[in-house]
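Okay, everyone, thanks for coming. Today I want to talk about salt bridges, so let's get the picture up.

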Amino acid sequence: ADTPWTDAQVTVQHQAEAAPLAKDQHAAWFRRLLAGGPEGDASLASLRAAAAEALEGACDAGALPGAKSEAWRQLGVKDLYGTPFAPPSSPGALPEALPPAYRVEDASATLVLLDGRPCPELSSLDALPEGAYVGGLAGLPDADRSRCLEALAEAAPGANTLGLPDASPKGALGGGPFWAANTAALQDVACVVLGEGVALEGPVHVAFVSSGSPGPEGAQGASHPRLLVLAGPGARATVVESHLDACQVGGEGRGALTNAVAQVRVGEGAEVRHVVCVERPAGSSHVQAVEAAVQGAGQYVSTVLQRPAATSRVTVGVDLLGRGGPRASG
């Protein structure tokens with residue numbers, strides 16, 4: 001007669017049978033993030049298409065973060081996958097100005113974006129000195145626009161220092177699929193471009209607001225904001241990056257996912273202080289990768305402030321390039 005299975009053997013068999021199902025569910029979750037989303041800036045079309053192809057490859061291969069991924073097991077990724085998210089079916093409404101509690105005092109510039117698109121009526125960009133630009137891709141001079149598109153397309157160097165198999169080419173500890181989803185869904189990019197030697201006295205405030213408008217079939221809304229900072233040689237600035245929900249600033253939506261990416265390029269001898277403030281309410285979720293590359297004698301200082309949300313993760317990776325003592329701290 002056959003020997004009956006032990007409880008341990010039954011458990012292993014059930015786990016083996018459940019694994020492909022979980023991978024299929026995770027892949028469906030990522031695909032839904034992009035389903036039916038609006039088209040963004042035309043210059044991003046090829047970048048979006050390449051990222052969508054990369055994400056589809058990761059879905060087909062089952063190379064997605066899971067509850068058993070060492071780098072993600074503390075996040076509660078199971079709960080994240082258990083909530084359907086999709087692009088908002090319609091844009092939300094914002095007040096005429098940011099409430100005082102969400103402003104940055106003495107800012108050199110304030111750029112507000114709703115679901116990844118700039119809101120000129122809420123932004124204040126008139127006091128910037130010559131050689132400094134803050135805004136979306138459309139307003140960039142051609143030369144700076146080309147530089148920004150090149151930076152967006154490059155794969156940031158770095159590897160998972162834990163030696164884990166789910167390390168991503170972005171150095172984001174297995175966060176490659178989230179990065180790819182962000183790029184595949186790009187509407188626009190919040191660009192902070194500083195020419196050689198440009199020094200800003202006040203901080204640059206970039207406020208990403210999630211409308212929280214629901215997606216199709218009852219899915220919660222998802223947005224994919226992107227920040228790009230290019231600081232030329234000897235430039236100096238503080239960039240305050242805020243993530244808010246519309247319900248916090250006078251809107252109505254709530255319960256959204258923000259899948260954010262910030263790229264910072266610090267030139268020779270430049271200094272960038274980067275503050276990430278995740279001020280999402282308890283019903284919202286936030287996943288973000290921050291990647292900085294620092295040239296010789298440059299300095300990058302990172303500070304991350306988070307309030308409790310349903311799920312919140314900010315990963316910071318820094319690549320020190322060249323010689324001359326580049327520095328990074330956080």
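Before we start, one term: I'll call a residue exposed when its relative accessible area is over 50%, buried when that is under 20%, and partly exposed in between. And keep in mind that this is a predicted model.

So, how many salt bridges does the structure hold? Eight. I'll walk you through a few.

Let's begin with Glu201, which pairs with Arg236. Their closest N and O atoms are 3.8 Å apart, and that still makes the list because the cut-off is 4 Å. This pair links distant parts of the chain: Glu201 sits in the loop between β5 (190-194) and β6 (204-210), while Arg236 is in strand β9 (residues 236-245), 35 residues apart. Is Glu201 buried or exposed? With 73% relative accessibility, Glu201 counts as exposed, since the cut-off is over 50%. Arg236, at 37%, is partly exposed.

Glu56 forms a salt bridge with Arg31, and here the closest N and O atoms are 2.7 Å apart.

Last one for today: Arg273 and Glu271, with closest N and O atoms 3.0 Å apart. Arg273 has a relative accessible area of 37%, so partly exposed, and Glu271, at 22%, is partly exposed as well.

How values were computed. Residues numbered from 1 in each chain as written. Predicted model: local features only at pLDDT ≥ 70, side-chain atom pairs only at ≥ 80, totals over all residues. Heavy atoms only, no water. Salt bridge = Lys/Arg side-chain N within 4 Å of Asp/Glu carboxyl O. Helix = DSSP H or I, 4+ residues; strand = E, 2+ residues; numbered from the N terminus. Buried < 20%, exposed > 50% of the residue type's maximum accessible area, 1.4 Å probe, protein only.
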